[in-house]
Each structure stands twice: as C-alpha cells, then as structure tokens.
Amino acid sequence: MFVTFEGLDGSGKTTQAELLAEALRGEGHSVIATREPGGTPLGEEVRRLLLEGMEMSAWAEAALFAAARAELVERVIARALEAGHDVVSDRYVDSSLAYQGHARDLGIDEVYELNRVATRGLLPDVTFVLEVDPDTSAARVGKSPDRIEREGRDFRQRVLDGYRIVARKYPNRVLLLDGTRPAAELHEEIRGRLREHL
Ligand code: TYD
C-alpha cells in the first residue's frame with residue numbers, strides 16, 4: 001500500500017504521516033516512510049537548490065521536483081512496494097500538481113504528464129489532503145520560511161484551490177480532510193478512511 005499526505009505548509013501532514021507510519025508498524029506492517037523533496041542523497045541536494053537556492057523559472061522548478069521524485073521512485077518507493085512494504089510519503093506528485101501546475105500556472109495536466117513519465121506512472125493508492133486556510137498555514141510556518149514558503153497569501157490560496165481541483169479530478173484516490181481538527185481525531189479518521197478504502 002502506498003499512502004501520501006498533502007497540504008499547505010503547516011497543515012499537519014508531517015504529523016499525520018508519522019502517526020500513520022507508527023500505527024501501521026504497531027500492527028506488524030513493515031513501513032518505509034519518506035518525504036519530498038528529498039528522501040535520497042540526490043533528492044536532498046535538489047531540495048537544497050529548490051528551497052534555498054536562486055530564483056528559477058517555473059518549468060525549471062517543476063522539472064527539479066520531478067527529478068528528485070524520479071530518483072525517489074526508482075531507488076526507494078518502487079523497490080519498497082515490490083518487496084511488499086507499505087510506503088507512507090510526506091508529499092508526492094500532487095504537490096507538484098497543486099504548487100507548480102495550478103499555483104504557478106503551468107497547467108495541472110501538463111505537470112502531471114511530466115511526472116507520469118518521471119515516475120513511470122506510479123500513483124499512490126490513497127492520498128490525504130489536509131486542508132487549512134492560507135492564514136493558518138502562514139501562522140504555523142514559523143520564523144525561517146523557505147523560498148516557496150516566502151510566496152504570499154494569494155499563492156497559498158492558489159495552492160489550496162489546486163488541491164481542491166486535484167481532489168475533484170481523482171475522487172477515488174484523493175481525499176480532502178479538515179486539517180484544523182485535533183491531530184488524534186484526524187488520525188482516527190484517516191485510519192477509518194483507509195480501512196474503507198482498501
Ligand atoms: P516541505 O518539505 O513540506 O516543507 P517543510 O520541510 O518546510 O515542511 O516542502 C517544501 C516546499 O516545497 C513546500 O513549500 C512545498 C514545495 N513543493 C512544491 O512546490 N512542489 C513539489 O512537488 C513538492 C514536493 C514540494
């Protein structure tokens with residue numbers, strides 16, 4: 001099973017990804033937890049370029065995220081799934097669809113196409129998008145925002161709109177959840193939805 005968590009920065013997706021990985025391990029599953037961008041040595045280098053590096057054009061940004069993702073799929077995710085492990089990822093292709101496809105206006109279908117090739121079509125079984133409004137996101141981001149977090153409120157609103165469009169496009173895979181609910185409650189809901197889904 002391949003499960004991904006998505007949302008704005010500060011949406012609580014990292015916490016939920018960790019809680020789910022722990023819970024599955026507690027039930028005896030073998031779980032590989034990963035995060036994007038990053039998760040491989042090359043991916044961590046690309047992450048640094050993307051988040052701390054120079055300004056870049058939108059397609060260069062999309063292509064770098066896709067490059068890090070290609071490496072992660074090839075070296076970690078596909079191997080883990082083939083070996084029968086579960087994979088829980090903090091962000092995956094839907095981040096690129098929402099941030100680069102919609103918020104940067106490259107087109108969700110175009111960015112999907114780039115990623116379809118880079119990931120050899122590997123999509124999650126289930127994706128949870130934790131919705132928080134742009135102001136909640138900004139308040140939770142803290143003191144040292146990265147290059148993408150420094151974008152303003154309008155950008156974050158477009159990212160959120162992008163996730164909603166993606167959820168409508170892939171209703172069988174992508175589930176929207178209210179990210180402002182207490183973490184323990186959300187975790188229970190996620191467990192329930194996963195049981196229903198699989
Ligand atoms: P993230 O790791 O969630 O940030 P943090 O370590 O601060 O929690 O993601 C880093 C940033 O990269 C985030 O602002 C979202 C952005 N991003 C994209 O724009 N496109 C992508 O495909 C991915 C994976 C992330």
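Lys and Arg count here as positive and Asp and Glu as negative, while His and the chain ends are not counted, and the place of a charge is taken as NZ of Lys, CZ of Arg, CG of Asp or CD of Glu. On that basis, the mean positions of the 27 positive and 35 negative charges of the protein chain are 1 Å apart. This is a predicted model, in which local features need pLDDT of at least 70 and side-chain atom pairs count only at pLDDT 80 or more, whereas totals for chains, interfaces and linings use all residues. Residues are numbered from 1 along each chain as its sequence is written, and side-chain values use heavy atoms, with hydrogens and water left out.

**Overall build**

- The protein chain holds 8 helices and 5 strands, where helices (H or I, at least four residues) and strands (E, at least two) are DSSP runs numbered from the N terminus.
- Read from the N terminus, the order of these elements is β-α-β-α-α-β-α-α-β-α-α-β-α.
- The radius of gyration, taken over C-alpha atoms, is 16 Å, which agrees with the value near 16 Å that a compact globule of 198 residues would have by the rule of 2.2 Å times the number of residues to the power 0.38.
- Along the principal axes of the protein chain, the C-alpha trace spans about 45 × 35 × 30 Å.

**Surface and contacts**

- Of the 198 residues, 48% count as buried, a term that means under 20% relative accessible area, with exposed meaning over 50% and partly exposed lying in between (1.4 Å probe, protein chains only).
- The protein chain exposes about 9,200 Å², of which carbon and sulfur atoms supply 51%; these areas come from the Shrake-Rupley method with a 1.4 Å probe, and for residues only the protein chains shown count as cover.
- Among contacts (heavy atoms within 4.5 Å) with a separation of 6 or more, 77% join residues 24 or more positions apart.

**Nonpolar cores**

- A nonpolar core is a set of buried Ala, Val, Leu, Ile, Met, Phe, Trp, Tyr and Cys residues joined through side-chain atoms within 4.5 Å; the largest has 26 residues, and L97, Y99 and V159 have the most contacts inside it.
- Two or more residues of this core come from each of α2 (41-52), α3 (58-82), α4 (93-103), α5 (108-118) and α7 (153-169), and the largest share, 6 residues, belongs to α7.
- Leaving out residues up to four places away in sequence, Y99 touches G7, L8, D9, R91, R104, I148, F155, V159 and Y163.
- Another core, of 16 residues, lies apart from the largest one and has V3, L20, L24 and L194 among its members.

**Backbone features and a buried glutamine**

- Most residues other than glycine have a negative phi, and most peptide bonds are trans.
- E36 and P37 are joined by a cis peptide bond with omega of about -15°, and P37 is found in the loop between β2 (31-35) and α2.
- R91, in the loop between β3 (86-90) and α4, has a positive phi near 80° and is buried, with a relative accessible area of 9%.
- R120, in the loop between α5 and β4 (126-131), also has a positive phi, of about 50°, but counts as exposed at 61% relative accessibility.
- Q100 in helix α4 is buried, with a relative accessible area of 2%, and its contacts beyond four places in sequence are E61, A62, F65, S95, D105, L106 and V111.
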